[in-house]
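This briefing goes with a single predicted model. The notes after the display are grouped by topic.

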Amino acid sequence: MATDMTPRIGIYPGTFDPITNGHLDIIRRGLTLVDELIIAIAADIPKTPIFSLDQRKQLVEEDLEMHLT
């Protein structure tokens, strides 16, 4: 927690199509810098993702649970 008791909140946006070990590394390092890290999965992007938004969300949740808990 920040010294003035204001939580530090970070945001990590991306397509995560699919989530990779590099993404997980950035998330791990980000968690050491902030109190809360929001993973923002892009929904409306100009490129065509391999996985649907729901599939990418599920993959991110599963990988975070497996690798960061």
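Three residues of helix 2 are buried in this predicted model: Arg56, Val60 and Asp63. Viewed along the axis of helix 2, the buried residues stay within an arc of 75 degrees, so they line one face of the helix.

**Helix 2**
- Helix 2 covers residues 53-68, which is 16 residues.
- From first C-alpha to last, helix 2 reaches 22 Å, close to the 22 Å expected at 1.5 Å a residue.
- The packing partners of its buried residues are helix 1 (21-31) and strand 2 (36-41).
- Asp54, Glu65 and Met66 are exposed and sit on the face of helix 2 turned away from its buried side.

**Nonpolar core and aromatic pair**
- The largest nonpolar core is made up of six residues: Tyr12, Phe16, Ile19, Leu24, Ile27 and Val60.
- Val60, a member of this core, is also one of the buried residues of helix 2.
- In general, nonpolar side chains of soluble globular proteins tend to be buried together.
- The count of aromatic pairs comes to one.
- In that pair, the ring centres of tyrosine 12 and phenylalanine 16 are 5.2 Å apart and the planes lie at 85 degrees; an angle over 60 degrees counts as edge-to-face, so the pair is edge-to-face.
- Tyrosine 12 has a relative accessible area of 15% and is buried, and phenylalanine 16 is buried at 1%.
- Setting aside residues up to four places away in sequence, isoleucine 27 touches Tyr12, Ile19, Leu37, Ile39, Leu64 and Leu68.

**Arginine 28**
- Arginine 28 is a residue of helix 1.
- Beyond its neighbours within four places in sequence, arginine 28 is in contact with His67 and Leu68.
- Arginine 28 and proline 49 are 21 residues apart along the chain, and their C-alpha atoms are separated by 24 Å.

**Whole chain**
- The protein chain has two helices and two strands, in the sequence pattern β-α-β-α.
- Of its 69 residues, 23% count as buried.
- Among contacts with a separation of 6 or more, 70% involve residues 24 or more positions apart.
- Along the principal axes, the C-alpha atoms fill a box of roughly 45 × 25 × 20 Å.
- The accessible surface comes to about 5000 Å², and 58% of that surface belongs to carbon and sulfur atoms.

Technical notes
Residues numbered from 1 in each chain as written. Predicted model: local features only at pLDDT ≥ 70, side-chain atom pairs only at ≥ 80, totals over all residues. Heavy atoms only, no water. Helix = DSSP H or I, 4+ residues; strand = E, 2+ residues; numbered from the N terminus. Expected span 1.5 Å × (residues − 1). Buried < 20%, exposed > 50% of the residue type's maximum accessible area, 1.4 Å probe, protein only. Arc of directions from axis to C-beta. Contact = heavy atoms within 4.5 Å. Phe/Tyr/Trp six-rings, centres within 6.5 Å; stacked < 30°, edge-to-face > 60°. Core = buried A, V, L, I, M, F, W, Y, C linked by side-chain atoms within 4.5 Å. Areas by Shrake-Rupley, 256 points an atom, 1.4 Å probe, with all protein chains shown as cover.
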